[in-house]
Number of protein chains: 2
Amino acid sequence: MKAKVTVTLKREVLDPQGEAIRHGLQALGLQGVRSVRVGKVIELELDDHVGDPKALLATAADKLLANLVMEDFVVELLDAPKGTPAP
Amino acid sequence: MKAKVTVTLKREVLDPQGEAIRHGLQALGLQGVRSVRVGKVIELELDDHVGDPKALLATAADKLLANLVMEDFVVELLDAPKGTPAP
């Protein structure tokens, strides 16, 4: 089963990396970019027998992948195994 | 107009950061994660008058955001402005 956790900075946190990218795009002559923010995307391949993959990934994000003081995360399951019984 | 560029390592490129996360999850007792790969997500806010935002973002990814030797990128437009004439 494939899954994706996207970790982004909270809106109120400054993003100097994004700002550097915005300046870089301007320097390259690419006009029209108002703001840029950079996050991480973590793609995971899970065993099909994992009981509650969303809960597993939320725990993973909470404990390891994201810093909840300054980051938010979103968990997405990209393909569920066939014939999984409803929890 | 909001857009997103996702930059991921090509399949054949080793991902030590992803491997470290996999080990970390195991060490935390979170079982069932087979593999982990880490990429970047760049969220951009574009001016509505940009003529061809997909082309702008593909150029941005090509020239600045991604290293095409070892990375792939995907461009997504999250919301198009209303009433934009077809190109």
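## The β2–α2 loop of chain B

D52(B) is situated in the loop that runs between β2 and α2 (53-65) of chain B. The structure described here is a predicted model. With a relative accessible area of 46%, D52(B) is partly exposed, since the exposed class begins over 50%. D52(B) and Q31(B) are separated by 21 residues in sequence, and their C-alpha atoms lie 45 Å apart in space.

## Two positions in chain A

P16(A) belongs to helix α1 of chain A. Its relative accessible area is 64%, and P16(A) is therefore exposed, the cut-off for that class being over 50%. Between P16(A) and R37(A), which are 21 residues apart along the chain, the C-alpha separation is 8.6 Å.

N67(A) occupies the loop between α2 and β3 (71-79) of chain A. A relative accessibility of 34% makes N67(A) partly exposed. From N67(A) to G51(A), 16 residues away along the chain, the C-alpha atoms are separated by 25 Å.

## The largest pocket

The volume of the largest pocket is about 240 Å³. Its lining comprises 19 residues, of which V38(A), G39(A), K40(A), G39(B) and K40(B) are the closest to the centre.

Several elements contribute at least two lining residues each: β1 (2-9), α1 (16-27) and β2 (33-46) from chain A, and β1 and β2 (33-46) from chain B. By residue class, the lining of the largest pocket consists of seven nonpolar, six polar and six charged residues.

## Salt bridges between the chains

Over all chains, the structure contains ten salt bridges. One of them joins the side chains of D47(A) and R34(B), with an N to O distance of 2.7 Å. This pair crosses between chains: D47(A) is in the loop between β2 and α2 (53-65) of chain A, and R34(B) is in strand β2 of chain B.

The two partners fall into separate accessibility classes. D47(A) has a relative accessibility of 18% and so counts as buried, the limit for that class being under 20%. R34(B), with a relative accessible area of 45%, is partly exposed.

## Salt bridges within chain B

K10(B) and D72(B) form a salt bridge through their side chains, at 3.1 Å from N to O. K10(B) is in the loop between β1 and α1 (16-27) of chain B and D72(B) is in strand β3 of chain B, so the pair ties together parts that are 62 residues apart in sequence. K10(B) is buried because its relative accessibility is 19%, whereas D72(B), at 35%, is partly exposed.

A further salt bridge links E19(B) with R22(B), whose closest N and O atoms are 2.7 Å apart. Both residues lie in helix α1 of chain B, three residues apart, which is about one turn of the helix. E19(B) is partly exposed at 33% relative accessibility, while R22(B) is buried at 17%. Elsewhere, R34(A), E45(B) and D47(B) are joined into one network by salt bridges that share partners.

## A buried lysine without a salt bridge

K4(B) forms part of strand β1 (residues 2-9) of chain B. K4(B) is buried but has no salt bridge, and the nearest side chain of opposite charge, that of E76(B), is 4.2 Å away.

Apart from neighbours within four places in sequence, K4(B) is in contact with V41(B), I42(B), E43(B), V74(B), V75(B), E76(B) and L78(B).

## The β3 strand of chain B

D79(B) is located in strand β3 (residues 71-79) of chain B. Its relative accessibility of 38% places D79(B) in the partly exposed class. When residues up to four places away in sequence are not counted, D79(B) touches M1(B) and K2(B). D79(B) and T6(B) are 73 residues apart in sequence, with a C-alpha to C-alpha distance of 16 Å.

Note on methods: Residues are numbered from 1 along each chain as its sequence is written. Chains are lettered from A and ligands numbered from 1 in the order in which they are written. This is a predicted model: local features need pLDDT of at least 70, side-chain atom pairs count only at pLDDT 80 or more; totals for chains, interfaces and linings use all residues. Side-chain values use heavy atoms; hydrogens and water are left out. Helices (H or I, at least four residues) and strands (E, at least two) are DSSP runs, numbered from the N terminus. Buried means under 20% relative accessible area, exposed over 50%, partly exposed in between (1.4 Å probe, protein chains only). Lys and Arg count as positive and Asp and Glu as negative; His and the chain ends are not counted. A salt bridge is a side-chain nitrogen of Lys or Arg within 4 Å of a carboxyl oxygen of Asp or Glu. Contact means heavy atoms within 4.5 Å. On a 1 Å grid over the protein atoms alone, a cavity is a set of points where a 1.4 Å probe fits but cannot get out, and a pocket is an open set with protein on both sides within 12 Å along at least five of seven lines; lining residues have an atom within 4 Å of a point. Grid points are joined across faces, edges and corners, and a volume is the space filled by probe spheres set on the points. Ala, Val, Leu, Ile, Met, Phe, Trp, Tyr, Cys and Pro count as nonpolar, Asp, Glu, Lys and Arg as charged, and the others, Gly among them, as polar.
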